Amino acid sequence: MSEDKIYRVGLVGMGHIAGVHWAAYGAIEGVKIVAAADISEDARKAFAEPRGLKNIYADYQEMLDKENLDIVSVCTWPQAHAEVTIEAAQRKPKAIMCEKPMALGLKEADNMLKACRKNNVKLAIGHDLRFCEDFREVKRRLNA
């Protein structure tokens, strides 16, 4: 792979947490958010306009079909995590970053894992709170 490779990222969901993803990807060299989707017109405008993002979609499946994404970030409400992750995996990006919680139940989680394995897609779940100092202190105390 060339050092000039830019990993193309698409966001599904354009609310608060998508802004966190925007900042994180923006701090990584060789990664660029090229598109985002949200069913809410207000969310699309509020997210895309100040960031200068041009490729915005009301239908995330259309975005997945058109944008040739390397990475998909699932930033929706938890009820949609499984559906969006499975749909994204079928387009065979290199990776999917899904927000927590992974799914609403074990069957959904299993289906997400199956879809990603079948399509050779890496799946990561954003369990970032485990790194917060308060949670780390609780863990230290429990271990003691």
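Analyst: Gly-10 has Ala-35 as its bridge partner in strand 2. That pair belongs to the contact between strand 1 (residues 7-12) and strand 2, which run parallel over 6 bridges. The link between these two strands passes through helix 1, and the β-α-β crossover is right-handed. The model is a predicted one.

Look next at strand 2 itself. A residue counts as buried when its relative accessible area is under 20%.

Strand 2 also pairs with strand 3 (residues 56-57), in parallel, through 2 bridges. Here Ala-36 sits opposite Ile-56 of strand 3. From strand 2 the chain runs through helix 2 (residues 41-51) to reach strand 3, again as a right-handed β-α-β crossover.

Now go back to Gly-10. Gly-10 also stands opposite Val-72, a residue of strand 4. Strand 1 and strand 4 are parallel and share 4 bridges.

Follow Val-72 onward. Its bridge partner in strand 5 is Ile-96. Strand 4 and strand 5 are joined by 4 bridges and run parallel. With helix 4 between them, these strands form a right-handed β-α-β unit.

In strand 6, Ile-96 is bridged to Leu-123. Strand 5 and strand 6 run parallel, with 5 bridges between them. Strand 5, helix 5 and strand 6 form a right-handed β-α-β unit too.

Put together, the 6 strands make an open sheet in the order 3-2-1-4-5-6, with parallel pairing. Strand 3 and strand 6 are at the edges; each has a single partner strand, so one side of each lacks a neighbour in the sheet. In general, the strands of a sheet pair through backbone hydrogen bonds, in a parallel or an antiparallel way.

The largest pocket has a volume of about 470 Å³. It is lined by 21 residues, and the closest to its centre are Gly-13, Asp-38, Cys-75, Thr-76 and Trp-77. Helix 1 (16-26) and helix 4 (81-90) are the elements that each give two or more residues to this lining. By type, the lining of the largest pocket has 13 nonpolar, 4 polar and 4 charged residues.

Which cysteine sulfur is closest to that of Cys-75? It is the sulfur of Cys-98, at 8.7 Å, which is too far for a bond. Cys-75 is buried, at 7% relative accessible area. Cys-116 also has Cys-98 as the closest cysteine by sulfur, and at 9.1 Å the two are too far apart for a bond. Cys-116 is buried as well, with a relative accessible area of 3%. The structure holds 0 disulfides. The cut-off for a disulfide is a sulfur pair within 2.5 Å.

Last, the loops. In general, most residues other than glycine have a negative phi, and most peptide bonds are trans.

Start with the loop between helix 3 (60-66) and strand 4 (71-74), where Asn-68 is found. Asn-68 is not a glycine, yet its phi is positive, at about 50°. Asn-68 counts as exposed, at 62% relative accessibility.

Asn-120 lies in the loop between helix 5 and strand 6 (122-126). Its phi is near 55°, positive in a residue other than glycine. Asn-120 is exposed, with 68% relative accessible area.

Lys-100 and Pro-101 are joined by a cis peptide bond, with omega about -15°. Pro-101 belongs to the loop between strand 5 (95-99) and helix 5 (106-118).

How values were computed: Residues are numbered from 1 along each chain as its sequence is written. This is a predicted model: local features need pLDDT of at least 70, side-chain atom pairs count only at pLDDT 80 or more; totals for chains, interfaces and linings use all residues. Side-chain values use heavy atoms; hydrogens and water are left out. On a 1 Å grid over the protein atoms alone, a cavity is a set of points where a 1.4 Å probe fits but cannot get out, and a pocket is an open set with protein on both sides within 12 Å along at least five of seven lines; lining residues have an atom within 4 Å of a point. Grid points are joined across faces, edges and corners, and a volume is the space filled by probe spheres set on the points. Ala, Val, Leu, Ile, Met, Phe, Trp, Tyr, Cys and Pro count as nonpolar, Asp, Glu, Lys and Arg as charged, and the others, Gly among them, as polar. Buried means under 20% relative accessible area, exposed over 50%, partly exposed in between (1.4 Å probe, protein chains only). Two strands pair if DSSP finds at least two bridges between them. A crossover is right-handed if, with the strands pointing away from the viewer, the path from the first strand over the helix to the second runs clockwise.
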